[in-house]
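Visitor: I am new to this structure. Could you show me how to read it, step by step?

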Amino acid sequence: MNTNLSLGGIITQGIKLGIFNIISIFIATILWALTIWIPYLNVGTTIGLLSMPIGISKGDIMSPTEIFNPKYRQYMGEYFILTGLKAQGLIPAMLFVVVPYIILNLAWSQSTYLLLDKGLNPAEALTLSNKITYGHKGKIFFGKLILTILSFGLLYPFFMMGANAFIYKSLSSEIE
């Protein structure tokens with residue numbers, strides 16, 4: 001089990017990485033919002049924006065225009081399949097009130113990064129995400145909750161991007 005992931009690490013690294021990349025994340029988010037009206041391009045920029053924590057977790061300085069890289073559009077089919085599979089599991093979990101939904105959502109929280117970074121198929125990404133988050137869901141939940149409270153909603157996207165980068169870096173080291 002990975003010992004690098006801790007509640008304190010999620011909070012401090014989430015803030016640190018979020019603040020360090022704040023300009024890039026902010027501009028990328030604005031560029032993404034401008035593509036909402038262009039369906040095909042917007043899917044690629046959405047995948048590009050979602051992949052930012054992967055680059056940040058590797059210490060890369062992310063260019064905001066990276067979200068326009070055509071390589072992200074090649075994942076369109078797998079991304080939609082993954083999103084559909086997650087929805088098929090999360091919607092019934094929501095029927096059992098909130099707790100099963102939260103737990104399952106945390107279990108599958110790394111699946112998009114695994115799909116985009118490791119080239120796994122959607123089912124493999126969900127399975128591996130569940131495996132690497134096992135025993136860490138409480139830390140991830142409380143780390144993100146505390147960051148949400150600390151940010152007062154204003155810095156939420158930046159802190160979450162940083163936290164997601166740290167969480168992915170810590171958990172993906174288990175599969176290398």
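This is a predicted model: local features need pLDDT of at least 70, side-chain atom pairs count only at pLDDT 80 or more; totals for chains, interfaces and linings use all residues.

Visitor: What does the secondary structure of the chain come to?

Guide: Start with the list of helices and strands. Here there are 10 helices and 0 strands. Read along the sequence, the pattern is α-α-α-α-α-α-α-α-α-α.

Visitor: How does the radius of gyration of the chain agree with that of a compact globule?

Guide: For 176 residues, a compact globule would have a radius of gyration near 16 Å. The chain has 16 Å, so the two agree. Along its principal axes, the C-alpha trace spans about 40 × 35 × 35 Å.

Visitor: How many of the contacts with a separation of 6 or more join residues 24 or more positions apart?

Guide: Contacts can be sorted by their separation in the sequence. In this chain, residues 24 or more positions apart account for 72% of the contacts with a separation of 6 or more. As for burial, 45% of the 176 residues count as buried.

Visitor: Which residues of helix 5 are buried, and what covers them?

Guide: Buried means under 20% relative accessible area. In helix 5 that holds for Met 76, Tyr 79, Leu 82, Lys 86, Gly 89, Leu 90 and Ala 93. Their cover includes helix 3, helix 6, helix 7 and helix 8.

Visitor: What about helix 8?

Guide: Helix 8 runs over residues 122–133 and reaches 16 Å from its first C-alpha to its last, close to the 16 Å expected. Its buried residues include Leu 126, Leu 128 and Ile 132. Among the elements covering the buried residues of helix 8 are helix 5, helix 9 and helix 10.

Visitor: Is Thr 35 buried or exposed?

Guide: Compare its relative accessible area with the cut-off. Thr 35 has 4%, so it is buried. Thr 35 lies in the loop between helix 2 and helix 3.

Visitor: What does Thr 35 touch?

Guide: Leave out residues up to four places away in sequence. Thr 35 then touches Leu 41, Asn 42, Thr 45 and Phe 68. Ile 10, 25 residues from Thr 35 in sequence, is 31 Å away from Thr 35, C-alpha to C-alpha.

Terms used:
Residues are numbered from 1 along each chain as its sequence is written. Side-chain values use heavy atoms; hydrogens and water are left out. Helices (H or I, at least four residues) and strands (E, at least two) are DSSP runs, numbered from the N terminus. The radius of gyration is taken over C-alpha atoms; the globule rule is 2.2 Å times the number of residues to the power 0.38. Buried means under 20% relative accessible area, exposed over 50%, partly exposed in between (1.4 Å probe, protein chains only). Contact means heavy atoms within 4.5 Å. The expected span of a helix is 1.5 Å times one less than its number of residues.
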